[in-house]
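Subject: The structure you asked about

Hi,

Here is the structure, with my notes below it. Have a look at it first, and then read on.

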Amino acid sequence: MQAPGKKIENCPSKYYLRVEITRLKKLLFILLAALPALFSSCRKGSPSWETGLLFPIAYGSISIDNLITDSLITEGADGSVRLVYSTKIAGLTDSLFEIPDTSIINSYNIPFGSVIFNPGDWITPTNNPTQTTYALGNVELVMGILSEGIITLQLKNDIRRRVILNYEIPCASINGDPFDTSFVVNAAPDSLNASYLTAVIDLSGYTFSFTGTNNNMVNTITTIFSARIDPTETLPVTVYNTDSVAAINTFGGIKPYYIRGYFGSETTMAGPEETGMSFFNRVQSGAIGLDSLTMNLRLTNYIGMDARITVNSLWSRNTRTGQSVYMNNSMIGAPINVDRATYATGTPPSNPSVYNFSFNNANSNAKALVENMPDKLGYAISILTNPLGNVSGNNDFFFANYGIDAQLDVELPLNFYADQLVFEDTMEMSFASVENKEKILRGHLTLLASNSFPFTAGLQVFLMDANNQVLDSIIPLPGIINSGATMSVNNYIVSAGFSNTQIHIPLNESQTQALLNSTRLIFRATFDTNSAPGYVKIYSTNRLDLQLTADFDYFIGD
């Protein structure tokens with residue numbers, strides 16, 4: 001063990017100091033615990049004392065990173081903070097390229113009477129294709145490559161011999177090989193019952209032609225079903241016209257990686273719908289006023305298809321207050337013609353057409369949408385596909401995950417005023433290492449705050465247990481933390497340094513026990529710039545440092 005007072009080699013001084021303090025605490029507890037035993041031999045009865053223990057229990061630093069969530073924070077040339085928040089508007093093309101499940105039934109009975117078949121004989125005609133056309137409205141598909149999809153084959157045999165059923169999809173191939181599969185179905189057990197077999201086949205990676213056997217159709221699947229008596233059978237069998245062999249083929253979960261054709265001329269809707277906006281998630285109440293902002297709506301079309309897009313409405317909603325603010329701008333409700341994309345090599349697989357629309361203080365009420373401090377962003381958008389008809393000659397194209405994207409970017413300099421703006425955050429703490437907590441009578445907390453934000457902060461502290469239940473409040477009314485030193489620069493109030501504040505918090509016995517049984521502290525800060533007229537400007541260096549120390553009265557003795 002290192003001798004007291006001797007510096008540990010290659011060890012930082014802070015660590016060395018912490019080790020010595022820990023030893024000192026242990027010695028103090030041993031000494032205090034031993035005192036009653038030492039005096040018990042000299043006195044009748046057991047004496048008791050109260051002594052004080054002082055140590056930090058929580059600390060933290062609040063910067064703009066802690067206050068505003070899910071945003072990109074950038075710095076201007078002068079170090080001032082700009083926030084950029086982006087959110088995607090989903091669902092614009094989700095329903096455009098859904099291929100519904102469909103079933104194809106292939107069944108065969110001999111035309112009349114009965115026929116005797118020998119082992120190996122064909123029951124059905126061979127190379128007799130069946131063409132089935134999807135009902136896709138005015139969409140005309142000519143080819144596609146599947147990323148997902150299955151065939152579920154349900155095979156039936158009424159004949160009292162084993163039968164080989166062969167199923168082909170000549171319009172589907174993978175690596176140049178057409179889809180062709182065969183199954184042996186057991187003999188029917190008797191004249192009243194059939195034998196069945198079910199098979200599931202993965203279609204991922206298959207290329208489909210939807211143009212039929214003569215390449216003059218659309219939305220069409222071609223299949224060939226054939227059956228023969230298993231050649232390994234040893235006896236002939238009589239088949240009646242009431243007997244049948246059949247295959248029910250169900251295509252399911254079809255998702256294309258790539259499709260080509262004419263995608264029709266029809267209107268689809270995205271919304272009315274709302275997406276979450278987490279920018280102000282830690283704000284509990286209050287109001288802000290922004291100096292300025294820029295909001296940009298970007299439409300990106302990766303589809304080889306012309307479109308006409310109309311943003312019917314765009315709004316922000318604050319569910320805490322129930323307040324909604326709708327965008328006012330000439331673009332709202334006005335159709336926008338969007339050109340088709342072209343093929344590209346690489347990623348993305350197409351060269352998109354991009355349209356940008358900027359909203360600012362001069363042309364809209366975009367500032368009011370953000371000052372609403374929303375947690376929801378709402379939109380209602382309509383899309384008319386191919387407004388000029390089939391001008392591509394069935395050469396529209398679509399790649400999975402590359403549809404029509406809409407993204408809203410909000411960029412604002414942090415020049416604002418705050419009116420009773422309440423933020424909330426938590427800090428972890430633990431008293432698990434404190435022994436004999438029941439002997440702690442009462443306590444006194446000291447909150448040390450160092451603030452460089454150019455506004456005052458009112459602070460409340462609440463105790464929480466492991467079940468996230470609030471146990472008690474130790475600063476029920478806001479304790480005021482002084483504003484950092486300020487000065488005026490170009491009509492903005494800015495930070496000129498830190499100011500320090502101490503808040504003393506006496507605890508009664510029940511509050512002390514509640515503190516010892518808690519696992520987290522909730523810090524609720526109320527920011528107010530009203531004392532500083534005009535807008536404040538926030539810098540990346542601004543922060544509020546907090547340290548909470550406890551001074552406990554500890555009872556020693558019986």
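Which residue lies over the face of W122? R228 does, at 5.3 Å from the ring centre. A charge is counted as over a ring if NZ of Lys or CZ of Arg is within 6 Å of the ring centre and within 35 degrees of the ring normal.

Before you go further, please note that this is a predicted model, in which local features need pLDDT of at least 70 and side-chain atom pairs count only at pLDDT 80 or more, while totals for chains, interfaces and linings use all residues. Residues are numbered from 1 along each chain as its sequence is written, and side-chain values use heavy atoms, with hydrogens and water left out.

**The chain as a whole**

There are 4 helices and 37 strands in the chain; these are DSSP runs numbered from the N terminus, with helices being H or I of at least four residues and strands E of at least two. Of the 558 residues, 47% are buried, meaning under 20% relative accessible area with a 1.4 Å probe, protein chains only. Among contacts (heavy atoms within 4.5 Å) between residues at least 6 apart in sequence, 85% join residues at least 24 apart.

**Aromatic rings**

The whole structure holds 14 aromatic pairs. Rings of Phe, Tyr and Trp (its six-membered ring) pair if their centres lie within 6.5 Å; planes under 30 degrees apart count as stacked, over 60 as edge-to-face and the rest as tilted. F208 and F210 are a stacked pair because their planes are at 15 degrees, with ring centres 6.0 Å apart. F208 also pairs with F251, this time edge-to-face, at 6.3 Å centre to centre and 80 degrees between the planes. That pair links distant parts of the chain, as F208 is in strand 11 (residues 207-209) and F251 in strand 14 (residues 245-262), 43 residues apart. Elsewhere, Y257, Y258, Y343, F397 and F399 form one aromatic cluster.

**A buried asparagine in a loop**

N372 is in the loop between helix 3 (366-371) and strand 24 (376-385). With a relative accessible area of 9%, N372 counts as buried. A polar atom of the N372 side chain lies 3.0 Å from the backbone oxygen of Q323. Beyond its neighbours within four places in sequence, N372 is in contact with S316, R317, N318, Q323, S324 and V325.

Best wishes

Key. Buried < 20%, exposed > 50% of the residue type's maximum accessible area, 1.4 Å probe, protein only. Polar contact = N/O pair within 3.5 Å; in protein donor to acceptor, adjacent residues only side chain to side chain.
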